[in-house]
Amino acid sequence: MPAFCRDCLTQFDPARRCPSCASPRVARHAELFDLSIAHMDCDAFYASVEKRDNPALEGKPVIIGGGKRGVVSTACYVARIRGVRSAMPMFQAIKLCPDAVVITPRMDAYVEASRAIRAMMQELTPAIEPLSLDEAFLDMTGTARLHGAPPAVMLARLVRRMKTELGLTGSIGLSHNKFLAKIASDLDKPHGFSVIGQAETQDFLRDKPVRMIWGVGAAAQASLDKAGIRSFSDLLRWDQTDLVARFGGMGERLYHLARGQDRRRVSAHSPMKSISNETTFAEDTSDPDILDGHIWRMAEKVADRAKAKELAGRVVILKLKRSDHTLLSRRVALSDPTQLADRIYRTARSLFDQVGDKGPYRLLGCGLSDLGDATGADKLGDLLDPDAGQRSKAERATDAIRGKFGQRAIVKGRALR
């Protein structure tokens, strides 16, 4: 059975400890040197960057997030032991871990660290599919001859470099497809290295809960529960046609994943599906002027990102969360794609007016989906809004001025609300 030391990278026949450095961190698996699809997930990334940059935080529970009204972005493992989780309301996290050090996110620092990790990945393979700042898929197929070592060894070298050069750790999942690689990376965190081979796939999955499937959230889980599907073995009892009839497109995906099948390729150029921006208020509000100002600012941010990436979207989305945490979501399809802040704002504002709920609200969000190339966007005009063309020209002129003199060169009055 192939094996190697995750510390010194020596390859050897299986043993409890490395024969070269005596490290107990040994990776061993029958298919270890045959698999090439990997998922690398940094360990508590934001919190790890903060602890690296401030050694005084070492050993302390650290939570990255907003004020008491916000949510947890991430938490270090010390805080996680106390029950703190990502997306948890901050007030709840503080109750669970009152001695935590709460830090406002420093996105510039996280982006810089992410770029350094990405550069290390690019030395291994060009086939990298980022999922976020702190995780990515890698396809290492055909790289053994180039590097003189199997993909598993090179992936261990990657996380070793991350630790020694950047002071950050990551966990590796190695398998024969993306679905299983992502599951594997979460099996032995932090600083883990887990393998799921082809021969063991069916046995591995059989009794696992379906919530392990990436993308199966609370709503999907509730639907599956109603159908009596809680584990992969439950899924295996369903025919493909029945799953599709019950769950639509998701049913076909579930049928294949239940059997460990995933034909998706690691794509370095996966298209962006949506652009959004949201904020959690310091205090619940139902003030129409304040809410209107936020809708405009979000529309501007969404439009700026769309323009920067030369994208346009056909669907505008509005998201509202009441003070009792119930969520309202509204969306509308446009006659033609847009990337204009004015059009996104007016559409989102119309959706807000249609909600018919005065609040108060704790969260507001605005987004654009069904994205595509911006060529031909905002060309049809609006017969019901004869002034739309003039506003479009004014916005393009404003963009040109801001590009030359900075974002604050021109500010609309409603943005100050």
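Ala, Val, Leu, Ile, Met, Phe, Trp, Tyr, Cys and Pro count here as nonpolar, Asp, Glu, Lys and Arg as charged, and the others, Gly among them, as polar. Keep that colour scheme on for the tour. The model is predicted.

**Stop 1: the largest pocket.** The space here is about 1300 Å³. Now show β8 (128-132), β12 (274-285) and α13 (288-308); each gives at least two residues to the lining. Colour the lining by class: nine residues are nonpolar, five polar and six charged.

**Stop 2: the second largest pocket.** Select Asp 41, Glu 135, Lys 182, Asp 186 and Lys 189, which lie nearest the centre of this pocket among its 30 lining residues. Its volume is about 870 Å³. Elements with two or more residues in the lining are β4, α1 (45-53), β6 (72-75), α2 (77-81), α7 (178-185) and α12 (249-258). Which of them gives the largest share? Select α7: five residues come from there. By class, the lining holds 14 nonpolar, five polar and eleven charged residues.

**Stop 3: the cavity.** The structure has one cavity of 30 Å³ or more. Select Met 40, Cys 42, Ser 114, Ile 117, Arg 118, Met 121, Ser 132, Leu 133, Asp 134, Glu 135 and Ala 136 to see its lining. β4 (37-42), α4 (107-122) and β9 (135-139) each contribute two or more residues. The largest share, four residues, is from α4. Six of the lining residues are nonpolar, two polar and three charged.

Leave Glu 135 selected to finish: this residue lines the cavity and is one of those nearest the centre of the second largest pocket.

Key:
Residues numbered from 1 in each chain as written. Predicted model: local features only at pLDDT ≥ 70, side-chain atom pairs only at ≥ 80, totals over all residues. Heavy atoms only, no water. 1 Å grid on protein atoms, 1.4 Å probe; cavity = no way out; pocket = protein on both sides within 12 Å on 5 of 7 lines; lining within 4 Å. Points joined across faces, edges and corners; volume = space filled by probe spheres on them.
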